[in-house]
Amino acid sequence: MHRPDDHPHASASFTGQRKLAGDEGVWFFISADITLFALLFLLFMVERGKAPALFEQSRQALDPRLGVLNTLILLTSSWLVALAVHSARLGQRAAVSRYLTLGMLVGAGFAVSKIVEYWHKIAAGITLLSNDFFMFYFALTGLHFLHFVVGMMVLAVCLAKSRSDDLDDRYVIWIESSACYWHMVDLLWLVLFPMLYLLHTP
Amino acid sequence: MLERLKYLRVLAWCGPVFLVVFIVFWGLMGHNIPPFQPDVPAKVIGDYFRSDANLIRLGMSMAMSFTVLYFLWGLAIGKVIEYGIEKDNNILSTCAVWGAGLTVVPIMVSCVFWLAGAYRPEALDDSILQLLYDTAWLLIDMGYMVTTVQMVAMGVAFLKDRRAVPLVPKWLAWYGIWVGFSFVAEVFMPFFKSGIFARSGTLNFWVEFFLWFFWIVFVTTYLFSSIKRLEAEARGATEHAHTPAAGVGKAVGASA
């Protein structure tokens, strides 16, 4: 594996004293966001405990194959963005641009899959008003989807900056912070998927 | 420089005063902390308006009178951003001030609906009183985006502060941006009459409102320290301008 400081264009910041990837303020945002989602997950489990039969019956209406597909899409996209961060630390502009573009293209598959899934549910007469399970399903995945959209916009800004700005310390912090957010979107899905699609009542 | 900072401390005090008035008069006297659950029968709302009419009249009159303090507090923040952080571009401070000013509108207008219900409740049906109560809550919750604009603009502006120790810490800047975005959950509120997304629900009432209350407290604390620091910076700049060396430099510069 390359050491960033082996490369003549390696960012100076990466050789410095920073212990945390990205901006520390972004970590506060991520922590707060994860805490809020944790509260929502807890409330879901509380409501699930009150009506296990209803939640189990409703869960079976979800297609876990789409959940697996979404998981693979987000993990792959996250990996590509991590490669873009690594390239940015090495000062490799073309690679940053390439990996970010690929990360966004793969990530866009999540939007397609989610829209198809929502479409099928609504066509089958299932909405967020159907019952408590689907209230949580639509609200949690909807809020997560909103985070996904913001993440795609943040990656687009990173891509634009990679073409116009110097790949200096500031840019590395930018792309690291954006990647941390993108990984959070991933992480939240890794909880949402088993909780909504897989967790069954014996 | 010192002259333009003159009234900021008075404006900064408007924030905590607003918060106390809002909690006591709008929240406790107006039975809005917590609100009635949307699925209670209309008769419960109707009986409440009839039995507590004077309390509601007093609470909402005071809330309406003092709500403008939120705008004045937002103006103080906007000026701190403008004088202390922005240079040639005042877009963020303008958005922050407008966001604070517009936040006053849904609060004031919703108070009118509660007042209208309490004005002659004996002559109104339960369903009409319920409609007024619902309308007030729909307005106050669904007007969230104006406050989001204020919070996000302030957060972005605070992040642009290039001082070694910024006027407002980064965590608070991000806290405001996060709370502003988290208000988006209010879009689910009109769909539910019970549960976490209802107007009285865990998320859309207890979490969202109290995150906002805490944000006001945190920002006010740093607002006072920011004003103090800006005053010290202004004094330092004035003293520097009046030192002999600076004077000579100026004179030489002028003659050149």
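Start where the two chains meet: select chain A and chain B together, and you will find 18 residues of chain B in contact with 17 residues of chain A, where contact means that the C-beta atoms of two residues, placed from the backbone, lie within 7 Å. On the chain B side of this meeting place, the elements that give two or more residues are α8 (170-182) and α9 (202-242), and α8(B) gives the most, with eight residues. Colour that side by residue type and it divides into 14 nonpolar, three polar and one charged, where Ala, Val, Leu, Ile, Met, Phe, Trp, Tyr, Cys and Pro count as nonpolar, Asp, Glu, Lys and Arg as charged, and the others, Gly among them, as polar.

Keep in mind that this is a predicted model, in which local features need pLDDT of at least 70, side-chain atom pairs count only at pLDDT 80 or more, and totals for chains, interfaces and linings use all residues. Residues are numbered from 1 along each chain as its sequence is written, while chains are lettered from A and ligands numbered from 1 in the order in which they are written.

Next, select Gly180(B), which sits in helix α8 of chain B. Gly180(B) counts as buried because it has 24 C-beta neighbours inside 10 Å; the rule is that a residue with 20 or more other C-beta atoms within 10 Å of its own is buried, one with 12 or fewer is exposed, and one in between is partly exposed, with C-beta atoms placed from the backbone. Leaving aside residues up to four places away in sequence, Gly180(B) touches Thr148(B), Met151(B) and Val152(B).

Now show chain A by itself, and you will see six helices and zero strands, where helices (H or I, at least four residues) and strands (E, at least two) are DSSP runs numbered from the N terminus. The C-alpha atoms of chain A fill a box of roughly 60 × 30 × 25 Å along the principal axes, and of its 202 residues, 32% count as buried.

Return to chain B and select helix α3, residues 53-66, whose 14 residues reach 20 Å from the first C-alpha to the last, close to the 20 Å expected at 1.5 Å a residue, the expected span being 1.5 Å times one less than the number of residues. Its buried residues are Ile56(B), Gly59(B), Met60(B), Ala63(B) and Met64(B). They lie on the same side of α3(B) because they cover an arc of only 125 degrees around the axis, the arc being that of the directions from the helix axis to the C-beta atoms. Among the elements that cover these buried residues are α1 (8-29), α2 (42-51) and α5 (91-119) of chain B.

Move on to the loop between α1 and α2 of chain B, where you will find His31(B) and also Pro34(B). His31(B) has a positive phi of about 55 degrees although it is not a glycine, and it counts as partly exposed because it has 19 C-beta neighbours inside 10 Å. Look then at Ile33(B) and Pro34(B), which are joined by a cis peptide bond with an omega of about -10 degrees.

Finish at Trp73(B), which, with Ala76(B), touches the most other members of the largest nonpolar core, a set of 112 residues. Such a core is a set of buried Ala, Val, Leu, Ile, Met, Phe, Trp, Tyr and Cys residues joined through C-beta atoms within 7 Å. The largest share of this core, 15 residues, comes from helix α6 (residues 169-198) of chain A.
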